Amino acid sequence: MHRTKRFIRLVAIISVMVLVATSCGDDEGEEAAVTTTQAPTTTQAPVEEAPSDGVEGQLVIGTLLPVTGDLAFLGPPEVAGARLAVEDINAAGGVLGTNVVLHEGDSGDTNQDIANPEVDRLLALDVDAIIGAASSAVSKLVIDKITGNNVIHFSPANTSPDFTTYDDNGLYFRTAPSDLLQGKVLADLVASEGNEIAGVIFRQESYGQGLADSFRENFESLGGAVDPFIAYAPGTDNFDAEVDQLAGASPDAIVVIGFQESATILVTMHERGIGATSATNVYGVDGNIGGIGSELSDPSIISGMRGTEPSVDLTAITDFTDRLDNAYEGGLDGVFAYGAETYDAIVIVALAALVANSDNPVDIGAQINDVTRGGTKCTSFAECKDIIEGGGDPDYDGVGGPYEFVDAGEPAAASFRIATYSGGDRPDSTLDEYVFAGG
C-alpha cells in the first residue's frame, strides 16, 4: 500500500542520515551532513483543493531541476514545463479522479550537496515520481536512492549513455536521447563543414566524458582526427593551460563540451586568437549552446559558434512556447531547451498511471514504455486519456516528438537543433536547422 511505502521511505531516509552523520568524525563533516536548502514552492493547477502530500490514489510528482548551479539556465524552461503539464492534466480531470500534486525541488550541481537533501524531502512528501535532474552527474548521485525506494526517476535532460544499462529496478526513464545520438549529429556537423582535425575540451564527468567519447568515435569514423582531447574537472575556473594546449595544436575546429564554465573557456579562447571570430570553427553542445551568450559581457565574441541540442522545431508550436513562457515568473528569455521534454515526462507518467489504474510507482513504471509506442496515436493528455477510458491503447506523441521508448526507457530516436550565434546573446533562431537521428 502507498502509506506503507511512505513509512519504508522515511525509515530509509532516517537510516541514510544516521549513516552520514556517524561516518563524519569532525565538526565540519557533521555540519555538512545536516545542511539543507530552502525548498521551492509546491505548485498545482487550481482545479480542486488537494493535500500537500500524497494520499492513497493520488499521483504526486516531485521535481529535481537546476534552479541553481552550472545548469541554472536550463531550470526556467524545465520548471515551466512541469507546471504546464500538471495544469493541463488537472484541467482534463486529473488522474484517478483527483488532482495531480506537484512539489518543486532544486538539483543544484555536483559542486554542492543540494540534490540529496532535496530527494530526501521529496521522498518524505510521498512522491510517486521525481522529474530530474538535468545533469547526468547529479542524477547519478541520487538514482539509487530514488529507485531503491521504489519511486520513479524520470529525467527530461540526462544524456549520458551510462543510463541505458544502469541497474535501476526498471524505474529510471528519460525523454532526452542518449549522447550516442548527439555525438553522431555533432560529428556529422563538424565534418560536413570541412573540418579535418578537431580539438575537444570537455567536462570530465558522466555527461562530458560520454559525449566527448561519442563525438570522437563518430568523427574518426568519418575520416577526421581528434587532437587534442582535453578533460577538465568540474569546478575548474581557470583554463589558461587547456586553451594554450588547444592553440598550440591549431585544429580546424574546437568542440567545447561543458556547462556555465564554457563562458570562461570561450573568453580565454578569444583572447588567444582561436575563438569563433577567428579562423577556427567553434562548436558547442546542449550543456552550453542555448544560453552561454548571456553569460558573456560581449556575446559578439562567439558570433559564428554553432552547436547541437536535442530539440524539435518549436517555431511550429508557438502556442506551446507562449504558454511555457507565461508559466515561469519573468518569462524564459527565449530559452526553451528541455521544456517540452519535461512537460512530456510528466504527461507520460500520468498516462501510465491511468493505464495501471494505480498511483503505485512500480505499477506505473511497468506501463511507461508502452504508452509511448505501438497503440493509437494521440498528442495530448486529454486525447490519450479518452483512448484509455474507452478501453484503447494510447501511443503518446509528445510536444518533444514521437519518443517510441525502447525497453531501456529512453527514446529510440530524436530530433536535434543545430543552433548558431550571429552576434546576439542568444542563438539566432532564423538560422536554426533540425536533423533527425536514430531509429
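Ground rules. This is a predicted model, where local features need pLDDT of at least 70, side-chain atom pairs count only at pLDDT 80 or more, and totals for chains, interfaces and linings use all residues. Residues are numbered from 1 along each chain as its sequence is written, and side-chain values use heavy atoms, with hydrogens and water left out.

Strands first. Helices (H or I, at least four residues) and strands (E, at least two) are DSSP runs, numbered from the N terminus. Two strands pair if DSSP finds at least two bridges between them.

Start at strand 7 and strand 8. They pair in the parallel sense, over six bridges. Ile 201 stands opposite Ile 230 in strand 8. Together with helix 7, residues 206–221, these two strands make a right-handed β-α-β unit. Right-handed here means that, with the strands pointing away from the viewer, the path from the first strand over the helix to the second runs clockwise.

Move on to strand 9 and strand 10. Three bridges pair them, again in the parallel sense. The chain goes from strand 9 through helix 9 to strand 10, and this β-α-β crossover is right-handed. Val 255 sits opposite Tyr 283 in strand 10. Strand 10 also runs parallel to strand 11, residues 306–310, with two bridges joining them. There, Gly 284 has Gly 307 as its bridge partner.

Now helix 8, residues 240–249. Which of its residues are buried? Glu 242, Val 243 and Leu 246. Buried means under 20% relative accessible area, exposed over 50%, partly exposed in between, using a 1.4 Å probe and protein chains only. Those three cover an arc of only 95° around the axis, so they sit on the same side of helix 8. The arc is taken from the directions from the helix axis to the C-beta atoms. On the other side of helix 8, Ala 241 and Gly 248 are exposed. What covers the buried residues includes strand 7, strand 8, strand 9 and helix 9.

Next, the cores. A nonpolar core is a set of buried Ala, Val, Leu, Ile, Met, Phe, Trp, Tyr and Cys residues joined through side-chain atoms within 4.5 Å. The largest has 48 residues, and Leu 59, Ile 61, Val 95, Phe 154, Leu 351 and Ile 368 touch the most other members. Elements giving two or more residues include helix 3, strand 4, strand 5 and helix 13. Helix 11 gives the most, with 12 residues. Another core lies apart from it, with 29 residues, among them Ala 157, Phe 202, Ala 253 and Val 255.

Two peptide bonds to flag. The bond from Gly 132 to Ala 133 is cis, with omega near -5°. Ala 133 is in the loop between strand 4 and helix 5. The bond from Asp 227 to Pro 228 is cis too, with omega near 0°. Pro 228 is in strand 8.

Then phi. Asp 126 is not a glycine, yet its phi is positive, about 65°. It lies in the loop between helix 4 and strand 4. Asp 126 is buried, at 0% relative accessibility. Glu 404, also not a glycine, has a positive phi of about 50°.

Last, salt bridges: a side-chain nitrogen of Lys or Arg within 4 Å of a carboxyl oxygen of Asp or Glu. The structure holds 25.

Look at Arg 417. Which residues does it bridge to? One is Glu 309, with the closest N and O atoms 2.9 Å apart. That pair links strand 14 to strand 11, 108 residues apart. Arg 417 is buried at 12% relative accessible area, and Glu 309 is buried at 4%. Another is Asp 432, at 3.1 Å between the closest N and O atoms. Asp 432 lies in the loop between strand 14 and strand 15, so this pair ties together parts 15 residues apart in sequence. Both Arg 417 and Asp 432 are buried.

Glu 404 comes back here. Its side chain meets Lys 377 in a salt bridge, 3.0 Å from N to O. Lys 377 is partly exposed at 44% relative accessible area, and Glu 404 is partly exposed at 27%.

One network to finish. Salt bridges that share partners join Asp 70, Arg 203, Glu 205 and Glu 261.

Terms used:
Contact = heavy atoms within 4.5 Å.
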